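Colleague: I have a new model open and would like to talk it through with you. Could you help me read it?

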Amino acid sequence: MDNVTGQWCCSMASAALLVFFATGCGGEKMQDAARAEAQQEIERLRAENAELPNLREENKEAQRLRAENQEIHKLRGQYQQLGQLRKENEQFRQQLAKLKAPKTAASAANIAPVEPLAEAPQPIVNIVQAFEGAALALEGQEVKEQDQPAEGDRIMVDTNAIALLIPDLLKGANATNPGPYEISGWLKSRGVRMKNYQQFNSLGITNYKIQRADPVTPK
């Protein structure tokens with residue numbers, strides 16, 4: 001082999017060696033770049049995952065606020081409807097008052113006002129419950145001596161009271177009996193325990209008299 005041929009072979013070998021080294025260095029740089037990009041992607045995903053609990057809480061809060069907002073709109077609509085109903089009710093009251101008012105002053109002067117009829121007292125259905133309710137209403141009040149029940153008292157009531165307590169008693173032969181009626185035994189038979197004679201007044205029974213038993217004199 002001559003010198004020219006040897007020099008060419010050496011040049012080719014050097015070039016191949018340079019290409020080899022150049023290729024090897026470029027591959028490592030590409031791998032480093034890929035690793036760096038992958039690490040950046042991992043860091044980005046980690047950062048996003050770290051925000052996930054906050055995002056969930058914000059989503060729950062947004063749903064709660066949205067539901068409250070809908071409830072506020074609903075209540076506001078109901079309040080406006082209530083105001084309209086109140087306005088219509090007031091207008092109806094005013095129209096009713098105009099209908100009840102006398103048409104002219106002359107007619108009002110000539111026509112005597114009609115007194116409303118007093119409702120007749122209704123008979124007491126549950127005697128025990130009525131007297132117990134009256135006793136509860138009188139609790140805490142001072143009981144006067146004349147209103148304290150005693151053994152042997154005779155309770156005398158008139159016809160109006162009997163109409164409230166024993167309406168059937170006024171039928172038949174007893175219809176013309178003007179009274180008074182003694183009811184102490186009847187009350188005990190119905191299970192009524194008198195605690196205060198003011199219970200009669202609370203029930204609308206005012207015409208009653210208490211006949212005290214004669215005191216027992218010692219022998």
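**Salt bridges, a pocket and a patch**

Modeller: Happy to! Arg-44 has a relative accessibility of 38% and therefore counts as partly exposed. Please keep in mind that this is a predicted model.

Colleague: Which residue forms a salt bridge with Arg-44?

Modeller: Look within helix H1 (residues 3-50), where the two partners are three residues apart and therefore separated by about one helical turn. The closest N and O atoms of the pair are 2.3 Å apart.

Colleague: Which residue is linked with Glu-41 and Arg-44 in a network of salt bridges?

Modeller: The structure holds eight salt bridges. Some of them join up into a network, in which Glu-41 and Arg-44 are linked with Glu-48.

Colleague: How far apart are the closest N and O atoms of Glu-68 and Arg-64?

Modeller: Both residues sit in helix H2, four residues apart, so about one helical turn separates them. Glu-68 is partly exposed, with a relative accessible area of 38%, and Arg-64 counts as partly exposed at 38% relative accessibility. They form a salt bridge, and their closest N and O atoms are 2.5 Å apart.

Colleague: Which residue pairs with Lys-188 in a salt bridge?

Modeller: The closest N and O atoms of this pair are 3.9 Å apart. The pair links distant parts of the chain, 37 residues apart, with Lys-188 in helix H6 and its partner in the loop between helix H4 (127-137) and strand E1 (154-157). Lys-188 counts as exposed because its relative accessibility is 58%. The partner, exposed with a relative accessible area of 70%, is Glu-151.

Colleague: Which helix gives the largest share of the lining of the largest pocket?

Modeller: The largest pocket holds about 210 Å³ of space. Its lining has 13 residues, and among those nearest the centre are Lys-188, Met-194 and Tyr-197. By class, the lining has seven nonpolar, two polar and four charged residues. The largest share, three residues, comes from helix H6 (residues 184-189).

Colleague: Is Leu-99 buried or exposed?

Modeller: Leu-99 is found in helix H2 (residues 52-100). Together with Phe-92 and Leu-96, Leu-99 makes a nonpolar surface patch of about 340 Å². The cut-off for this class is over 50% relative accessible area. Leu-99 has 71% relative accessibility, so the residue counts as exposed.

Definitions and conventions. Residues are numbered from 1 along each chain as its sequence is written. This is a predicted model: local features need pLDDT of at least 70, side-chain atom pairs count only at pLDDT 80 or more; totals for chains, interfaces and linings use all residues. Side-chain values use heavy atoms; hydrogens and water are left out. Patches are made of residues with over 30% relative accessible area and no salt bridge: like charges are joined within 9 Å, nonpolar side chains (Val, Leu, Ile, Met, Phe, Trp, Tyr) within 5 Å. Accessible areas come from the Shrake-Rupley method with a 1.4 Å probe; for residues, only the protein chains shown count as cover. A salt bridge is a side-chain nitrogen of Lys or Arg within 4 Å of a carboxyl oxygen of Asp or Glu. Helices (H or I, at least four residues) and strands (E, at least two) are DSSP runs, numbered from the N terminus. Buried means under 20% relative accessible area, exposed over 50%, partly exposed in between (1.4 Å probe, protein chains only). On a 1 Å grid over the protein atoms alone, a cavity is a set of points where a 1.4 Å probe fits but cannot get out, and a pocket is an open set with protein on both sides within 12 Å along at least five of seven lines; lining residues have an atom within 4 Å of a point. Grid points are joined across faces, edges and corners, and a volume is the space filled by probe spheres set on the points. Ala, Val, Leu, Ile, Met, Phe, Trp, Tyr, Cys and Pro count as nonpolar, Asp, Glu, Lys and Arg as charged, and the others, Gly among them, as polar.
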